[in-house]
Amino acid sequence: MKSPARVLLAGVATVATVGALVGCSAGSADEAGASGKVELRVATFPPGADAAAYEAFATQEKQFEEANPDIDIIGVEYEWEGPTFAVQLAGGSLPDVFTVPFTDAKTLLENDQLMDVTEEMDELGYTDSFNPIILDAVTGDDGHIYGFPRQAYANALSYNRELFEAAGLDPDAPPTTWDEVREYAKKITDATGKAGYSQMAINNTGGWQLTVGTAARGGRTQTDNADGSAESTIDNPATHDVLQFLHDLKWVDGSFGSKVDLDWGSINQEFAAGNIGMYTTGSDIYTALVRDFGLDSDVYGMTVIPVEGADGGPLGGGDIAVMSPTIDDQTKAAGVRWIDWYYMQKLLDEDAAVQDAKALADSGQAVGTPVLPVLSQELYEQSLVWIEPYINVPRDQMTGFTENIWDQTPVGEPKKSTQEVYALLDEVVQTVLTDQNADIDALLADAQTQAQAILDQ
């Protein structure tokens, strides 16, 4: 089963903190060890997820343990954050099975911090199922595979249908150009006093979303050389246009809002609270908005991100299910079985897809959130047919995305020192949003020099 060429390149700066163990297992660690079962600590949800999410997970845990009676699943709250992830990994405080964004994978591979799963991937028959470009993100220089790509998505434009209506805008006709985004944002602010448009700016997310805007306008912030090195190309017209767009929203139109220090979590909270009209983020965000931030599904809308020029496209996103190389062979074997059951089978097998969808739907969790396939578009669309009776996501409010995303060509994230450069670009975004007289040209020239120094290390 080969994937078609038009499949998303994945990678995103989301969030990574690990919380306390959650009550997903009946016995304590000592009891589990005494029972002879293999204890497997697996990532669940970010802190703050609603009780229904854990009810669904408990159902899935029970199903897995019935099929694998020698394994005791212990759920661990987990959320990826760029600034703290490396410390947690080095300190051994992560679960045995966790997820990382594609942007982090190459650095982890270079530092020998991921478990080799080449043999297991081959035995399960997945190696030839993934799009080769996606599989490359988890392939080391030795040709071995170090993780299972589990989900992909494109950056999209999320919007509040209720605020659209309050501003006299048609929520079924979202903006299709950046000029229209600016126009709609001002109308929303003028009518409601809320931020018509907002954007992430801290904890590496400012650099991520600046790169999203650059790609959408046909630019690139980094290019790869044949010898494996990379060249910073931050100082380009597209990136300048993004910063000018943010400047004008903030300082000319007054439609950006007062909060200029938002990251992934806080911007989702503000949006779910009805304080933001539009923002850009991954197309899979609906699940987290409902599960973790209490979004009213009736107000949600999503469309494709506006693209410009021959090279414009939505920046890709996604993550990988991985394990630490420090776990023992028994735990590794258990981890592979969990990854296969929890993440992969529902992408390939009708019975597994239906079982997963039913468990989620019965607990009131989102089923049918738009993503892009890590395998093939054909199989992804078939899976939607399999789970159709359980889909509870208001996909009719997302047709701007679902009907148009296949006409856009996804753009992969910069491959080298991605998070370090994103952190550098945070400062550029924050300067433009806090200094009305910021010199955009000078900021870009300086950022390019600093980024090149990082890339040359």
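Predicted model: local features only at pLDDT ≥ 70, side-chain atom pairs only at ≥ 80, totals over all residues.
**View 1. Val393 and the residues around it.** Setting aside neighbours within four places in sequence, Val393 is in contact with Tyr286, Ala366, Val367, Gly368, Thr369 and Met398; contact here means heavy atoms within 4.5 Å. You'll find Val393 in the loop between helix 15 (377-386) and helix 16 (399-402). Helices are DSSP runs of H or I with at least four residues, strands are runs of E with at least two, and both are numbered from the N terminus. Val393 has 6% relative accessibility, so it counts as buried. The cut-offs are under 20% relative accessible area for buried, over 50% for exposed and partly exposed in between, using a 1.4 Å probe and protein chains only.

Residues are numbered from 1 along each chain as its sequence is written, and side-chain values use heavy atoms, with hydrogens and water left out.

**View 2. The whole protein, for orientation.** Stepping back for a moment, the protein has 18 helices and ten strands. Its C-alpha atoms fill a box of roughly 65 × 50 × 40 Å along the principal axes. A compact globule of 457 residues would have a radius of gyration near 23 Å, and the 22 Å of this protein agrees with that. That radius is taken over C-alpha atoms, and the globule rule is 2.2 Å times the number of residues to the power 0.38. Of the 457 residues, 58% count as buried.

**View 3. Helix 9 against helix 10.** Helix 9 (residues 205-216) packs on helix 10 (residues 237-253) at an angle of about 120°, with the axes 8 Å apart. Axes are lines fitted to C-alpha atoms, for helices over the stretch in contact, and angles run from 0 to 180 degrees between N-to-C directions. The two helices are therefore oblique to each other: angles under 35 degrees count as roughly parallel, over 145 as roughly antiparallel, 65 to 115 as roughly perpendicular, and the rest as oblique. Leu210, Gly213 and Thr214 of helix 9 meet Ala238, Thr239, Val242 and Leu243 of helix 10. Sorted by class, the residues of this contact are four nonpolar, three polar and no charged. In that sorting, Ala, Val, Leu, Ile, Met, Phe, Trp, Tyr, Cys and Pro are nonpolar, Asp, Glu, Lys and Arg are charged, and the others, Gly among them, are polar.

**View 4. Helix 10 again, now with helix 18.** The axes of helix 10 and helix 18 (residues 440-456) come within 10 Å and cross at roughly 130°. That makes helix 10 oblique to helix 18. On the helix 10 side you'll see Thr239, His240, Leu243 and Gln244, which meet Ile440, Asp441 and Leu444 of helix 18. This contact has three nonpolar, three polar and one charged residues.

**View 5. Helix 13 and helix 14.** Helix 13 (residues 329-348) and helix 14 (residues 350-362) have axes that come within 6 Å and cross at roughly 120°. These two helices are therefore oblique to each other. Trp341, Gln345, Lys346 and Leu348 of helix 13 make the contact with Glu350, Ala352, Ala353, Gln355 and Asp356 of helix 14. Here the residues divide into four nonpolar, two polar and three charged.

**View 6. Two loop residues with a positive phi.** Most residues other than glycine have a negative phi. Asp112 isn't a glycine, yet it has a positive phi of about 55°. Asp112 sits in the loop between helix 4 (102-110) and helix 5 (118-124) and is exposed, with a relative accessible area of 64%. Asn204, also not a glycine, has a positive phi of about 75°. Asn204 is in the loop between helix 8 (178-192) and helix 9, and at 8% relative accessibility it counts as buried.

**View 7. Gly318 in strand 10.** Gly318 belongs to strand 10 (residues 316-323) and, at 1% relative accessibility, counts as buried. Its C-alpha atom is separated by 10.0 Å from that of Pro373, 55 residues away along the chain.
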